[in-house]
Amino acid sequence: MFDSVRADLAATLDEIRAAGLHKPERVIGTPQSATVAVTAGGRPGEVLNFCANNYLGLADHPEVIAAAHEALDRWGYGMASVRFICGTQEVHKELEARLSAFLGQEDTILYSSCFDANGGVFETLLGPEDAVISDALNHASIIDGIRLSKARRFRYANRDMADLEKQLKEATEAGARRKLVVTDGVFSMDGYVAPLADICDLAERYDAMVMVDDSHAVGFVGPGGRGTPELHGVMDRVDIITGTLGKALGGASGGYVAARAEIVALLRQRSRPYLFSNTLAPVIAAASLKVLDLLEAAGDLRERLAANTQLFRSRMTAEGFDVLPGDHAIAPVMIGDAAKAGRMAELLLERGVYVIGFSYPVVPQGQARIRVQLSAAHSTEDVGRAVDAFVAARAELDAAGA
């Protein structure tokens, strides 16, 4: 049976490579950190890592690792069950309570990933008589989650409040029973921050709920690291927050929905990714509790991350690179051509800087880029080396006429 399909798949893969859209996987042989060792898929040896979501540098923090070791001894390796059968331990309930308190929400429910969290919300809360109004650049997990629901779909241009109001009016005039506005807190490919105060104002005017995926903000955005709702002063006005434990909060895996109590209660009863997926491994839950402990005194880490971000952005701009504006640790260096972005990433790796070129379908056609992600674990010297490597790689590309 597969023989009749093999040639078509091989042709598609060839087309992807020819268009410069192939996404190779490099293999690292060390823990995730500011410096990693590449063992396959690129220049072997130690390189600076500027493409991880390890914003606070906690992925290899000794206290987090120690908490994980202790949890393995106390709670075991895995649950071999879903939550409502025999997959709930004290450590899971403790983490849910701690996340609720940290994010200023009434309750929290854990998922195996934020992709699953976003996949489990819309179908549970919204039916054919409801409407979801989504930012055009929302994460793929939000888009897929919306597709699973039968709600009527409205889309507004990225961070465009006039368009959001237009879509809210249309949803209201269509007689929607429930309306849910959903946005990324920080848009992962651009580093742009959603205008949550304005979104909440419009949502309240049109009697809509607000949902924010804050995966690229929780832990380091806002005065206390509580994310974009804290940054904009709307923690009490956002109804649903989804996020991940796999970025700033230790970099492992797992996701959550923090929301109004009734919303979380219904998700526990009807959210399919929660009901039919194994429980988050207890070692991750316990290590995440240690991360939350560390966040209470992480002001210096957030300050270091902000300083590294400002230094990289200012130096790259001074060198004539097109870096999307902003002050987030996601700093996209715009290249345009997909093949050129991929080649520049290869040249940077040869110079000891590990970054990735992003192209279609991850970003729109013609907007290929190298997404640089700063970390509190980077030193000032690391940032300077990265900028110097960009300058040298660009010179080589220009000399080759690429």
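Okay, a quick definition to start: when I call residues charged, I mean Asp, Glu, Lys and Arg, while Ala, Val, Leu, Ile, Met, Phe, Trp, Tyr, Cys and Pro are nonpolar and the others, Gly among them, are polar. Keep in mind that this is a predicted model.

So, cavities. How many of 30 Å³ or more turn up in a search of the whole structure? There are 2.

Let's take the second largest cavity, with about 40 Å³ of space. Around it you'll find Ser33, Ala34, Asn49, Ala52, Asn54, Gln373, Ser375 and His378. By class that's 6 polar residues, 2 nonpolar and no charged ones.

Now the largest cavity, at about 90 Å³. Its lining includes Arg83, His92, Tyr111, Pro273 and Asn278. Two elements each give two or more residues to that lining: strand E4, 107-111, and helix H11, 272-275. Here the classes come out as 5 nonpolar, 5 polar and 1 charged.

On to a sheet. This one is open, with 3 strands in the order E11-E14-E13, and the pairing is antiparallel. Which strands sit at the edges? Those are E11, residues 330-336, and E13, residues 357-358, and each of them pairs on one side only. E13 joins E14, residues 368-373, through 2 bridges. If you want a spot to look at, find Phe358, which stands opposite Arg369 in E14.

And there's a helix on this sheet too: H14, residues 338-350, packs there and touches E11, E13 and E14. The direction of H14 makes about 35 degrees with that of E14.

That's my tour, thanks!

Terms used
Residues are numbered from 1 along each chain as its sequence is written. This is a predicted model: local features need pLDDT of at least 70, side-chain atom pairs count only at pLDDT 80 or more; totals for chains, interfaces and linings use all residues. Side-chain values use heavy atoms; hydrogens and water are left out. On a 1 Å grid over the protein atoms alone, a cavity is a set of points where a 1.4 Å probe fits but cannot get out, and a pocket is an open set with protein on both sides within 12 Å along at least five of seven lines; lining residues have an atom within 4 Å of a point. Grid points are joined across faces, edges and corners, and a volume is the space filled by probe spheres set on the points. Helices (H or I, at least four residues) and strands (E, at least two) are DSSP runs, numbered from the N terminus. Two strands pair if DSSP finds at least two bridges between them. Contact means heavy atoms within 4.5 Å. Axes are lines fitted to C-alpha atoms, for helices over the stretch in contact, and angles run from 0 to 180 degrees between N-to-C directions.
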